[in-house]
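This briefing covers charged side chains that pair up. Look at the sequence and the model first, then read the points below.

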Amino acid sequence: MAAAQQQHLRDRWIDQEVAADRYKWWALLVVQLSILLIGIDSTITNLALPSITSEFKVSVASSQWVIAVFFVVVALALPAAGRISDIRGRKTVFVVGFSLFAIGSALSGLAPNIGMLIAMRALQAVGAAALLANSNVISLAVFPLRQHGLALGINGTVYSVGFALGFTLGGILIQLLGWRSIFFVNVPIALASLLVGCWILRSDQLEPEQKTAGPQRFDLPGFALASIGVGGLMLGVQHFAKEQSLSTLTVGLTSAGLAGLLGFIWVELKQSHPLIDVRLFRIGEFARGSGTRLLNNTIVAACLFAIPFFTQTVLHFNSLQSGLVMLPYSLGLAVAGPIAGHLSDRFGPRWLTTLGFITGGVALLWLNSIGHGPGSMNQDSMLVIIKVVGAMLLLGSASGLFVSPNNSASLDAVPLARTGTASGVIWALSFIGSAVGTAYAAAMLRQALHGQIEASIYLKAQDTLFASLVALSVLGGVLCYTRARGPKSTIS
């Protein structure tokens, strides 16, 4: 009886808020809690990896999977979560997402070994994918068309805040309470968000007015082939970077990955309800935008992996100091992003996205100069810190110049009815890029981080890493330069 009365009061309150045009803000609050959690978790683990590697006495090649598995699983689970939301309902998947994120976080903090930690990070990532797949969709469902830009802008801003908060909050927690605390802190936030979401979210307000007709099936063959494809290619990249040659294992893994992706494309073209609409890649601007987003995330993830090891093992910074050194990346991203988005509406994305990759290349060259010049690392430590801080600010600004115009150009090239699917594809590819960048950086630095580290050995490996990333920046700049010259135009 009490439960029925409580349900009645809740429904009555929601009806009042909908009538007063306030319900959209309550729903957006729940969405922001999810985005904030994912934003924080995208960076907070980077600072803990040196401590995790040391405590579990494992190689960096093993410990990097604590970061990489999160990105891989999110990328694979994102389209699956979106498809399940269409079948089971958005509120159900969103609430399950908070639950899995809380459970995965708690068990990550309790992990007794590296294998268990990686497995629980995968569980956490499934929850994150369920949240991320529905965050923008719920925002668009509760806000009128004229306010879609406002809602998505708020989502992007909050993600950037979480991204920056991960560096500072992670540094403080690791310094005071140890690395396990960065996972435990997620639990009360996720559980509180779960309770708020159960009360505020109501399915009839979140579903599209017109649902797809016919039976709704989950594309299991597509999901399996996508997993083989992404997993094989990522492992192939890692082994190639580690061995610096095309070994039999590298060729085998890469071939398996390519075969999986080709099989995935073949299956998806035949599906009436595909996991990912691969036909979108026939649109040149969307294919270019997706590919360059993957490149950008690969570059950024590799840098965000390498710098904490450099500051903590070479400069002997604590985790808080290391986080503060990396914070300028988020500041540059937060400042340049909105400006670039505004300029893109007026002048088009070509020069802004090209400039983003050029600026990123300059930042990488700057980082590449850290260990060069007269004097020892100790004598030039202040100059080294200034270089790293300046390079991180420049790298963040480069991402800000690129991401917003690139996303806008990619989605504006897609017919309006398919923008939701296209957005999910871009998110998935961005996480795949982050996973590949993390694995690649770990493989490149593996030997330098093995045993007792020497600054000169590490710097030589780091120089090779940054030089290869400069080459990727040049490739990204060339691809962006081939865009249309004028302002963007939307395909209806």
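Helices are DSSP runs of H or I with at least four residues, and strands are DSSP runs of E with at least two, both numbered from the N terminus. The model is predicted, so local features need pLDDT of at least 70 and side-chain atom pairs count only at pLDDT 80 or more, while totals for chains, interfaces and linings use all residues. Residues are numbered from 1 along each chain as its sequence is written, and side-chain values use heavy atoms, with hydrogens and water left out.

**Salt bridges overall**
- Side chains of opposite charge can pair when their charged atoms come close.
- A salt bridge is a side-chain nitrogen of Lys or Arg within 4 Å of a carboxyl oxygen of Asp or Glu.
- The whole structure contains four salt bridges.

**The network of E285, R288 and R483**
- Salt bridges link E285, R288 and R483 in a network.
- The closest N and O atoms of E285 and R288 are 2.8 Å apart.
- E285 and R288 are three residues apart in helix α14 (residues 284-314), which separates them by about one helical turn.
- Between R483 and E285, the closest N and O atoms are 2.4 Å apart.
- R483 lies in the segment after α19 (455-481) and E285 in helix α14, so this pair ties together parts 198 residues apart in sequence.
- R483 and E285 are both buried (under 20% relative accessible area; exposed is over 50% and partly exposed is in between, with a 1.4 Å probe and protein chains only).
- R288 is partly exposed, at 23% relative accessibility.

**The pair R180 and E55**
- R180 forms a salt bridge with E55, with the closest N and O atoms 3.2 Å apart.
- R180 is in the loop between α8 (148-177) and α9 (181-184) and E55 is in helix α3 (residues 44-56), so the pair ties together parts 125 residues apart in sequence.
- R180 is partly exposed at 23% relative accessible area, and E55 is partly exposed at 41%.
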